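Please look through the structure shown here before reading the report, and keep it at hand while you read.

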Amino acid sequence: MHAQCDTTVTLCERFMPEDYISDGQTYRAFLVDDEIAEFSTTFFAGVNYRVAVMTGTENGKLEFRLLDEHRNLLFSSKDYDMTPFWNFRAESTQECVIEAELKKGGLDSGCAVILISFSR
Amino acid sequence: MRFLIFLSVIVLIGCQDPANKEQESGDSLTTLDAQKEGGSDIIMVDGALFSIPSPVEAALFIKDNGSGFREDILLNPNSTDLYPTSAQKAMALGAYGAELGYVSMYEQNDRSLSYMGAARKLADDIGMTGAFSEDLVRRFSNNLGIPDSLVVLVSDIYKAGDLYLKNNDRNDIAALVLLGGWVESFYITCTEAEKGNIAFHKRIAEQKEGLMRLKAMLDMYPENVAIRELKPQMDNLINDFNNVKANYVFKRPEVINAKQLTVLKGGSVHEMDETTFKNIIAHTKELRKAITRN
């Protein structure tokens with residue numbers, strides 16, 4: 001699993017601009033069928049964030065969503081042609097939940113990788 | 001059949017439906033979420049994901065809002081022999097990484113190299129040399145004096161270390177590195193807040209959820225001696241933050257398609273009284289002392 005994930009991490013890193021700074025972590029989960037990987041994070045006011053996701057070696061196989069702390073949907077990659085990355089900017093510091101799951105009708109299983117970077 | 005791989009217990013406590021506020025455990029909230037998803041089974045697995053606020057992000061904030069470089073609050077880069085065990089080295093590595101990010105922001109080239117050397121030694125000692133590849137160290141040296149480049153590299157070091165430790169099933173050590181990094185950068189934030197800087201006062205309160213996630217992450221390793229020994233100091237800080245109130249207001253986000261950007265309009269307003277603030281400062285110093293022995 002680790003080797004598979006390492007490859008996916010490398011592919012996912014392509015979506016991060018060079019001048020963006022990694023949050024220093026790699027978020028990985030091995031998903032089967034309709035399992036969901038989920039974690040919460042803080043988006044601080046005035047900071048630009050990019051969230052990138054990847055599974056396998058092709059784009060668009062992993063759907064990701066951003067929810068607020070009351071689980072209101074703020075963003076879904078499904079609404080944007082399964083984009084593998086999206087930018088976020090918080091006007092006020094906000095707690096968010098990031099969810100990722102395999103695209104319906106796609107892979108049966110895979111290493112889901114989520115990366116977060118930021119810039120001023 | 002729909003499973004949830006992981007639920008961040010702490011945030012979900014804050015996410016519950018008002019109608020279900022009497023349910024306080026993470027497990028019960030997991031169930032609530034599953035019910036929302038269609039009433040399917042839940043499996044909690046060991047592969048939990050935790051996002052801990054980045055020390056480098058903190059260093060940027062400190063540089064942008066702080067009172068300038070302060071050598072007196074930093075760890076001595078020549079004191080790596082204070083940490084005999086792997087756990088202590090891991091926490092110190094996180095702390096020295098935070099210092100590295102901090103000094104890099106102020107173009108302190110000699111100090112940057114000193115902290116890089118200290119962090120590299122600690123990483124070697126705990127067998128994670130891979131985080132400091134020759135290429136990365138060379139790029140770091142070549143970019144001295146260019147803060148924007150250095151902080152990218154410091155973050156890359158953290159990420160490489162995190163990846164290395166997780167690939168080698170040393171998640172507890174990875175957690176200790178994150179703990180050391182968070183505490184050191186939070187300590188620096190506290191020293192600025194003590195001077196009456198409102199931006200730092202606010203930033204301290206905003207760390208509540210990050211600290212709760214840090215605690216949830218550490219709770220995954222109850223058998224770890226170092227984590228157990230830090231429990232009194234962690235509990236004191238957690239108790240302080242339980243007095244910090246956060247009031248979330250939802251506002252519909254704005255999408256700017258041309259920039260592939262969603263602007264989040266909502267957010268939380270935090271309230272922290274003076275006693276709580278002083279207790280947080282005091283208990284952060286105690287926790288930092290327990291970790292760094294400084």
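The model described here is predicted. In chain A, four strands form an open sheet in the order E3-E8-E5-E6, and their pairing is antiparallel. E3 and E6 of chain A stand at the edges of this sheet, where each has a single partner strand, so one side of each is left without a neighbour in the sheet. On average, and with direction ignored, neighbouring strands of the sheet are turned by 20 degrees against each other. As a general point, strands of a sheet pair through backbone hydrogen bonds, and the pairing may be parallel or antiparallel.

Inside the sheet, E5(A) and E8(A) run antiparallel and are joined by seven bridges, and within this pairing Arg65(A) stands opposite Glu99(A), a residue of E8(A). E5(A), which covers residues 62-68, is also joined to E6(A) by three bridges, again in an antiparallel arrangement, and here Leu66(A) stands opposite Phe75(A) in E6(A). The hairpin made by E5(A) and E6(A) has four residues between the strands, and in this hairpin Arg71(A) takes a positive phi near 65 degrees.

## Where the two chains meet

How many residues does each chain bring to the contact? Chain A gives 43 residues and chain B gives 45 residues. On the side of chain A that touches chain B, at least two residues each are supplied by several elements, among them helix H1 (2-13), strand E2 (27-32) and strand E8 (94-102). The largest share of that side, eight residues, comes from E3(A). By residue kind, the side of chain A that touches chain B divides into 17 nonpolar, 15 polar and eleven charged residues.

## The largest nonpolar core

In soluble globular proteins, nonpolar side chains tend to be buried together. In this model the largest nonpolar core has 119 residues, and the members that touch the most others are Val51(A), Val53(A), Ala112(A), Val113(A), Ile114(A) and Tyr96(B). Helix H8 of chain B (residues 171-193) gives the most to this core, with 14 residues.

## Chain B and its helix H4

Chain B has 13 helices and four strands, and of its 294 residues, 47% count as buried. Among the contacts in chain B between residues at least 6 apart in sequence, 72% join residues at least 24 apart.

Helix H4 of chain B has 20 residues (86-105), which at 1.5 Å a residue should span 28 Å, and this agrees with its end C-alpha atoms being 29 Å apart. H4(B) is mostly covered, as 18 of its 20 residues are buried, and just after H4(B), Glu107(B) takes a positive phi of about 55 degrees.

When residues up to four places away in sequence are not counted, Leu178(B) touches Ile52(B) and Gly94(B). The C-alpha atoms of Leu178(B) and Gly97(B) are separated by 9.8 Å, although these residues are 81 residues apart along the chain.

Asp162(B), in helix H7 of chain B (residues 147-167), is buried, with 24 other C-beta atoms within 10 Å. Apart from neighbours within four places in sequence, Asp162(B) is in contact with Ala174(B) and also with Gly24(A), Gln25(A) and Thr26(A). Gln233(B), in helix H12 of chain B (residues 231-241), is partly exposed, with 19 other C-beta atoms within 10 Å. With neighbours within four places again left aside, Gln233(B) is in contact with His283(B), Glu286(B), Leu287(B) and Ala290(B).

Note on methods. Residues are numbered from 1 along each chain as its sequence is written. Chains are lettered from A and ligands numbered from 1 in the order in which they are written. This is a predicted model: local features need pLDDT of at least 70, side-chain atom pairs count only at pLDDT 80 or more; totals for chains, interfaces and linings use all residues. Two residues are in contact if their C-beta atoms, placed from the backbone, lie within 7 Å. Ala, Val, Leu, Ile, Met, Phe, Trp, Tyr, Cys and Pro count as nonpolar, Asp, Glu, Lys and Arg as charged, and the others, Gly among them, as polar. A nonpolar core is a set of buried Ala, Val, Leu, Ile, Met, Phe, Trp, Tyr and Cys residues joined through C-beta atoms within 7 Å. A residue is buried if 20 or more other C-beta atoms lie within 10 Å of its own, exposed if 12 or fewer, and partly exposed in between; C-beta atoms are placed from the backbone. Two strands pair if DSSP finds at least two bridges between them. The expected span of a helix is 1.5 Å times one less than its number of residues. Axes are lines fitted to C-alpha atoms, for helices over the stretch in contact, and angles run from 0 to 180 degrees between N-to-C directions.
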